[in-house]
Every structure is written in C-alpha cells, then in structure tokens.
Amino acid sequence: MSPWPALVSLLALLLYFVVTINVGRARAKYGIPAPQMSGNPDFERVLRVQQNMLEQLIFFLPALWIFCLYLNPIWGSGLGLLWVIGRTLYAWGYYQAAEKRGPGFAIASLSSLGLLLAGLAGVVKALIA
C-alpha cells in the first residue's frame, strides 16, 4: 500500500489538532470558560470550525481510504490533499466572517463527494468482477 493516503490522513488530523487548539486559544482571548459554548460571536465561529471539521472528518477519512484501496492511492491522495486545502480555506475564511467560509467548504465538499462516489464505484466494480 502506498504511504500517500496515510500522509494525507495525518495532515487532516494535524489540521484538526490545530483548529482544536484554536478553540482553547479563543476561550482565553474572549473569556469563555469551559464548558460554556457561546457568548461571543468571534468565539462561536472558532468553535464552529472545530465542530464542523470533526463532522467532516467522519465522512472524509473512510471515503479517502476506500477510494485508495479500490481505485488509486495517488489520485485518492490528491483528492484528499484538496480536501485538506479546502478545509484550511474554510477555517481561515470562517475565522474572519461566516460569509467567507463558502469557497473552502465547496472545495472540501466536492473532493469528499468525489472520493465517496468514485470509491463506491470501485467497490461495486470489485464485487462484480
């Protein structure tokens, strides 16, 4: 098996780790003690980035690995890297203003959808071959 899907998975997890640290930093910056989840719109955007990334990781990681196992690890890793870039743009935009999250969301969502649909096709092909 190629190491590329593992590298992309680790990059995605590293990005998640960074946005999680950003939540702690935002708590201190905006005076939002745990377990409080609201109180400042700037903090809430940082928290939402972290929560949304966790939600998307659950979808992304299996789709990445299924694509890579049943189709092509290089192409799958390329789409996975595009997802990481999209999620980075999403976070950067959302930190600034909720309205700026769209391009990153679109890039990451399209790459996830590509991984899912192509991975499904790869599995179906393996089942009928």
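Visitor: What does the secondary structure come to?
Guide: The protein has four helices and zero strands. The model is a predicted one.

Visitor: In what order do the elements run?
Guide: Starting at the N terminus, the order is α-α-α-α.

Visitor: What box do the C-alpha atoms fill?
Guide: Along the principal axes, the C-alpha atoms take up roughly 60 × 25 × 20 Å.

Visitor: And how many of the residues are buried?
Guide: Of the 129 residues in the protein, 37% are buried. The accessible surface comes to about 7300 Å², and 73% of that surface belongs to carbon and sulfur atoms.

Visitor: What share of the contacts is between residues 24 or more positions apart?
Guide: That share is 67%, counted among contacts with a separation of 6 or more.

Visitor: Let's get to the helices. How do helix 1 and helix 3 cross?
Guide: Their axes cross at roughly 10 degrees and come within 8 Å of each other. Angles under 35 degrees count as roughly parallel, so helix 1 and helix 3 are roughly parallel to each other.

Visitor: Which residues make that contact?
Guide: On the helix 1 side they include W4, P5, V8, L11 and A12. On the helix 3 side, S77, G80, L81 and V84 are among them.

Visitor: Take S77. Buried or exposed?
Guide: S77 is buried, because its relative accessibility is 5% and the limit for buried is under 20%. S77 is found in helix 3.

Visitor: What is S77 in contact with?
Guide: Leaving aside neighbours within four places in sequence, S77 contacts W4, P5, V8, L64 and C68. S77 and S2 are 75 residues apart in sequence, while their C-alpha atoms are 9.6 Å apart in space.

Visitor: What about L81, where is that?
Guide: L81 also sits in helix 3, which covers residues 73-96.

Visitor: Why does L81 count as partly exposed?
Guide: L81 counts as partly exposed because its relative accessibility is 38%, and that class lies between the 20% limit for buried and the 50% limit for exposed.

Visitor: What does L81 contact?
Guide: With neighbours within four places in sequence left aside, L81 is in contact with V8 and L11. As for L61, it is 20 residues from L81 in sequence and 12 Å away in space, C-alpha to C-alpha.

Visitor: Which residues form the nonpolar patch on the surface?
Guide: L81 is one of them, and the others include W4, L7, L11, F17, I74 and L89. Together the residues of the patch have about 990 Å² of accessible area. Helix 1, residues 4-30, and helix 3 are the elements that give two or more residues to the patch.

Visitor: Which helix gives the most?
Guide: Helix 1 does, with seven residues. F17, a member of the patch, is found in helix 1.

Visitor: New topic. How many salt bridges are there?
Guide: The structure holds two. One joins the side chains of R45 and D42, at 2.8 Å from N to O. Another joins the side chains of R48 and E55, at 3.2 Å from N to O.

Visitor: Where do R45 and D42 lie?
Guide: Both lie in helix 2, residues 41-70. They are three residues apart, about one turn of the helix.

Visitor: What does V46 touch?
Guide: Not counting residues up to four places away in sequence, V46 touches N22, V23, A26 and Y95. V46 is in helix 2 and is buried, with a relative accessible area of 10%. V46 and G24 are 22 residues apart in sequence and 9.5 Å apart in space, C-alpha to C-alpha.

Visitor: Last one. Which way is the peptide bond from A34 to P35, cis or trans?
Guide: That bond is cis, with omega near 5 degrees. In general, most peptide bonds are trans.

Visitor: Where is P35?
Guide: P35 is in the loop between helix 1 and helix 2.

Conventions
Residues are numbered from 1 along each chain as its sequence is written. This is a predicted model: local features need pLDDT of at least 70, side-chain atom pairs count only at pLDDT 80 or more; totals for chains, interfaces and linings use all residues. Side-chain values use heavy atoms; hydrogens and water are left out. Buried means under 20% relative accessible area, exposed over 50%, partly exposed in between (1.4 Å probe, protein chains only). Contact means heavy atoms within 4.5 Å. Patches are made of residues with over 30% relative accessible area and no salt bridge: like charges are joined within 9 Å, nonpolar side chains (Val, Leu, Ile, Met, Phe, Trp, Tyr) within 5 Å. Accessible areas come from the Shrake-Rupley method with a 1.4 Å probe; for residues, only the protein chains shown count as cover. A salt bridge is a side-chain nitrogen of Lys or Arg within 4 Å of a carboxyl oxygen of Asp or Glu. Axes are lines fitted to C-alpha atoms, for helices over the stretch in contact, and angles run from 0 to 180 degrees between N-to-C directions. Angles under 35 degrees count as roughly parallel, over 145 as roughly antiparallel, 65 to 115 as roughly perpendicular and the rest as oblique.
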